[in-house]
Amino acid sequence: MRRRSRAAEVLAAVLLLALSTACGSRLPERDFERDGRTPAPRDSAPLRVGIITSATSPVGGSAFTGPRDGAKAWFDRLNARGGIDGRRVEVRGCDDGGSGVGNNECVHKLVEEDEVVALVATTALDYAGASRVSRARVPDIGGQPIGGAYDTYPHLYGIYGSLAPRDGTTGWDGKLYGGTEVYRYFKREHGARTAAVVSYNQSASAAYARLVERGLRAEGYKVVTEQVDFALPNFRAVAADLKERGADLVFDAIDGHGNARLCQAMDQVGADITAKVTNVQNWTSTVPDAYKDAPRCRNALWATGASRDFDDTGHPAVREFREATKGLKTHSQWQLEGWAAARWFTDAAKSCAKTGITRACVDGFMNRSQGYTAGGLLLPVELQRLAEPPKTRETCLSVARWQDGKGWVGQGDMNRTCFDVPQLAYEP
């Protein structure tokens with residue numbers, strides 16, 4: 001089985017930004033379905049889809065908008081080409097403000113009032129309304145697994161898939177599992193042996209750092225742990241210690257601003273590393289500005305994920321994405337994944353055109369879409385419901401390295417960069 005587990009990484013990236021949660025209230029169950037098996041007359045009315053985004057939230061603007069922007073770009077292009085079976089797609093967006101109450105309000109508006117056929121590219125800091133979406137049997141397609149919702153409920157299909165039972169309990173008895181393939185990659189491909197993990201003295205940061213440490217130790221690394229004060233971080237002292245202890249790799253459980261300051265300090269002390277490894281949320285075109293004072297560390301930035309590098313314009317599916325989004329000021333991996341989510345919905349809707357594009361029919365396609373790749377943009381998505389968590393898995397990953405003048409440069413074929421690795425439990 002080949003699927004890169006990214007839920008822990010995405011969740012950690014968000015926790016490091018937000019460090020807060022909220023909750024909301026219930027909505028009544030309703031059934032908006034027509035029988036997806038019954039032939040329907042040709043309908044020219046627009047197809048409504050919903051996109052829930054924490055566009056304004058405690059973490060600040062633009063942190064969560066990438067998937068939304070990518071999905072909207074796909075739908076704009078689709079409508080310009082005639083839509084789906086002659087029907088244009090009408091996007092109904094909703095900003096939940098990053099709160100559980102706001103998220104429930106968005107679910108109510110889109111699911112009950114607007115009666116969208118599906119949600120697409122959900123990116124919510126607190127997906128409090130997930131159970132309501134599931135009870136209404138609305139397919140939620142290609143959302144970012146910031147919390148555990150996509151490993152908890154039926155009818156929800158995260159962008160990286162899921163192997164969990166999805167019976168209302170998160171994962172397996174409340175635990176999710178992730179692999180050690182990132183650490184195995186740098187060990188085998190680049191000979192790394194000593195890895196540092198930098199965190200804040202804050203609970204979410206420290207918890208994720210411990211998970212990274214477990215994975216590194218499972219792969220036989222010598223691990224150097226560094227913790228800095230969240231309010232008054234002394235990154236220069238950390239950088240000096242990393243240099244002294246000869247770290248090959250640097251992983252972190254700190255936010256984007258902290259990463260830039262850490263890199264600057266590493267340049268100042270002359271720390272020479274194989275890779276400063278970041279996550280999919282920081283896989284963006286803003287690197288030159290964010291790391292402008294750290295040219296050496298900047299060119300040691302590596303990113304790993306489960307989707308094809310957005311700078312890989314030699315691939316036709318990426319080239320199509322870049323041409324359609326050339327008007328955007330910046331580009332990111334999350335935009336590409338939002339584009340892929342919208343394409344996933346489109347393929348589902350097209351399969352239902354003859355019988356009627358209903359929630360039930362779209363959901364049926366999603367349940368059958370094992371191995372979906374969005375034209376090669378994603379690693380094959382696995383959608384299974386295993387009674388027990390796997391102990392080991394063959395998992396693949398997409399790897400890219402930043403190079404000034406070239407941008408993000410892909411490192412090998414993501415479908416062949418695969419490792420049989422242990423699966424470690426964690427709590428979302």
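Reader: At 16% relative accessibility, does C418 count as buried or exposed, and why?

Author: Before the answer, please note that this is a predicted model, in which local features need pLDDT of at least 70 and side-chain atom pairs count only at pLDDT 80 or more, while totals for chains, interfaces and linings use all residues. Residues are numbered from 1 along each chain as its sequence is written, and side-chain values use heavy atoms, with hydrogens and water left out. Buried means under 20% relative accessible area, exposed means over 50%, and partly exposed is in between, using a 1.4 Å probe and protein chains only. C418 counts as buried because its relative accessibility is 16%, and C396, at 3% relative accessibility, counts as buried too.

Reader: How many disulfides does the structure hold?

Author: A disulfide is a covalent bond between the sulfur atoms of two cysteines. In practice a pair of cysteine sulfur atoms within 2.5 Å is taken as one, and the structure holds four disulfides. When the bonded cysteines of the chain are numbered in sequence order, the pairing reads 1-2, 3-4, 5-6, 7-8.

Reader: Which parts does the disulfide of C396 and C418 tie together, and what is its handedness?

Author: The sulfur atoms of C396 and C418 are 2.1 Å apart, and the torsion about their S-S bond is about 95°, so this disulfide is right-handed. Because C396 lies in strand 14 (residues 392-396) and C418 in strand 17 (residues 418-426), the pair ties together parts that are 22 residues apart in sequence. Strands (E, at least two residues) and helices (H or I, at least four) are DSSP runs, numbered from the N terminus.

Reader: What is the torsion about the S-S bond of C94 and C106?

Author: That torsion is about -80°, so the disulfide is left-handed. Its S to S distance is 2.0 Å, and the pair links distant parts of the chain, with C94 in strand 2 (residues 89-95) and C106 in helix 3 (residues 100-113), twelve residues apart. Both C94 and C106 are buried.

Reader: What is the handedness of the link between C352 and C361?

Author: With -100° about the S-S bond, the link of C352 and C361 is left-handed; the sulfur atoms of this pair are 2.1 Å apart, and C352 and C361 are both buried.
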